[in-house]
Amino acid sequence: MRKLMLAGVAMLLAACGNGDRETVTFTEQVAPLLYKNCTGCHRPGGSAHFSLVTWEEAKKYAKANAYVTRQRIMPPWPADPHYTSFVGQRVLDEKDIEILERWAANGTPMGPEDKLPKLPDYPIGSETGTPDMRIPVPPFRLPANSPDRFLLVKVPFELPNDTFAALIEFMPGRSNVVHHVNGDMVRYAYEQKKDVYAGGQFVDMARDTVGLKQAYELLGLPNDDGSWPALQKSVVNYLPGVFGQRYPEGIGGYRLPRKGVFLLNDLHYGFTKKDEVFDSSYINIFFAKVPPQRPLQEFQLGTWGVAPVEPNLVIEANTVKTVYSRYTIPADISILTVNPHMHLLGKRFKGYALTPAGDTIRLVSIPKWDFNWQYFYTFKKMVRVPAGSTIVAEGVYDNTRQNPNNPFSPPQEVSDKNGSMKATDEMFQFIISYLPYQPGDESFSLE
Ligand code: HEC
């Protein structure tokens, strides 16, 4: 009787066009899927705290994997793929999710051993390849129960000659405490600085009550004669899940002086729990074969940007508030990469451009804001935005109890405190990397 009923179900499934009764196994269907979409982070030494490489490991998380993929929590990709799509987009299709669900439901069988695919070769110590040079960031000890720290950190370097970098990549040591980095480069004229290593390594901006100029002096940044060297902004950035973007040869890139300093401005460490944490992060440099012909340019809307937050970024307790920032561009540009930025009260984000002809150019939509996954989204092809277009960033903040990430209970008024970077204050930014438009840019592949 029981057998008959099962046969009936099988026939029903077949009738629904879902008749693939083949058992889903680890080696045949699950491992290929995990190795393509998950083990970049879920492997020994990856950024997630558990591995999904072996059958034993994947088995333990079978139900959780089915759940987080169905809920589209994993792989992390907050941007709506139906609005715009980007390089390296990580979005599972329905068939993949069903494989994980069926495997979890059917007792997680191993499958024929010889069918197991080879794990991709993950570069060690870099997300993008084998770096030409690796510079350690001075190690930092965070005691147990330490609050958020915001450090200015000096990372000096000396090279045999002037050269070009295609990419400068920050690699966190302990990715569970390194929240973000925004790094500039100090460029010395060779004769003007004898020793780039002299001076302090850290200034704690919250504890050492010094101004920025004094902080730079404590780090020994001035030239030997007391004058100031050149500072190039934003050459090395890191946010959770974000690694350096490498553009096709000749686009982007940086001129590296023989003597210089990466000035991490700032390095934000999250709070620690009961254990102390030692972080040894480092910076990878990938040299460029050809000098950059079209160096990248950047502007940002919102906090500290070219256009203000409207009406303002004061979010009263128990309210949901929508804010905007609008900037009209004077000349044609080609957009390569966009980066929306909000903190814990963020709920939704949308960025688009309105052209003088009345068209809307979609840039990015994040229907469910996730503080942990703030990517720099690079378009597959550059997006041309004509002169006179208004770029609009639209953000929604939820300062109610319904927001599970609300840092305050009961909710309190939260604002930008004039550009504070603390996670419990707010920010609203839309950062845009672009080039002045050249004919043909629209068909230029960035993949
Ligand atoms: C970009 C990196 C990345 C990718 C890709 C990724 N994960 Fe994750 N995953 C994480 C991180 C980080 C966490 C948070 C927990 C941690 O700190 O390890 C996590 C958490 C999880 C959790 C636990 C969720 C919870 O609530 O504790 C599951 C299950 C999971 N991932 C499964 C997957 C699966 C399945 C895939 C592929 C389809 C995948 N992940 C792809 C980084 C990633």
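This is a predicted model: local features need pLDDT of at least 70, side-chain atom pairs count only at pLDDT 80 or more; totals for chains, interfaces and linings use all residues.

Biologist: What does the C-alpha trace span along its principal axes?
Modeller: About 95 × 55 × 50 Å.

Biologist: OK, on to the metal. Which protein atoms are donors to the iron atom of the ligand?
Modeller: His 42 through NE2 and Met 74 through SD, at 2.0 to 2.3 Å from the iron.

Biologist: Why is the arrangement around the iron atom called octahedral?
Modeller: There are 6 donor atoms around the iron, and the angles they subtend run from 85 to 179 degrees, which makes the arrangement octahedral.

Biologist: Where do His 42 and Met 74 lie?
Modeller: Both lie in loops: His 42 between helix 2 (26-37) and helix 3 (55-60), Met 74 between helix 4 (62-70) and helix 5 (94-105). They are 32 residues apart in sequence, so the pair ties those parts together.

Biologist: Is His 42 buried or exposed?
Modeller: His 42 is buried, at 10% relative accessible area. Met 74 has 27%, so it counts as partly exposed; the cut-off for buried is under 20%.

Biologist: You mentioned helix 2. How many of its residues are buried?
Modeller: 9 of 12, so helix 2 is largely enclosed by the rest of the structure. Among the buried ones are Phe 26, Val 30, Leu 33 and Tyr 35. The buried residues of helix 2 pack against helix 3, helix 4 and helix 5.

Biologist: What about Pro 78, where is that found?
Modeller: In the loop between helix 4 and helix 5. Pro 78 is buried, with 13% relative accessibility. Its contacts beyond the sequence neighbours include Ile 366, Pro 367, Trp 373 and Tyr 377. Pro 78 and Ile 366 are 288 residues apart in sequence, yet their C-alpha atoms are 5.7 Å apart.

Biologist: Now the largest nonpolar core. Which residues touch the most other members?
Modeller: Ile 335, Ile 391 and Phe 430, out of 38 residues. Elements that give two or more residues to this core include strand 15 (333-342), strand 19 (390-398) and strand 21 (428-436). Domain 1 and domain 3 both give residues to this core, so it lies between them.

Biologist: And what does Phe 430 touch?
Modeller: Among others, Phe 299, Leu 301, Val 338, Phe 349, Leu 363 and Ile 391.

Biologist: Which residues does the second core include?
Modeller: Val 155, Phe 157, Val 181 and Ile 285 are in that separate core of 29 residues.

Biologist: Last one: where does His 180 lie?
Modeller: His 180 lies in strand 5, residues 178-188. His 180 is buried, at 9% relative accessible area. His 180 and Leu 267 are 87 residues apart in sequence, with 6.1 Å from C-alpha to C-alpha.

Note on methods:
Residues are numbered from 1 along each chain as its sequence is written. Side-chain values use heavy atoms; hydrogens and water are left out. A nonpolar core is a set of buried Ala, Val, Leu, Ile, Met, Phe, Trp, Tyr and Cys residues joined through side-chain atoms within 4.5 Å. Buried means under 20% relative accessible area, exposed over 50%, partly exposed in between (1.4 Å probe, protein chains only). Helices (H or I, at least four residues) and strands (E, at least two) are DSSP runs, numbered from the N terminus. Domain bounds come from an automatic or database domain assignment. Contact means heavy atoms within 4.5 Å. Donors are N, O and S atoms within 2.8 Å of the metal (3.2 Å for Na, K and Ca); water is not among the atoms, so sites may look incomplete. Four donors count as tetrahedral if all angles lie between 85 and 135 degrees; four count as square planar and six as octahedral if opposite donors are over 155 degrees apart and all others between 65 and 115; anything else is irregular. Lists of a residue's contacts leave out its neighbours within four places in sequence.
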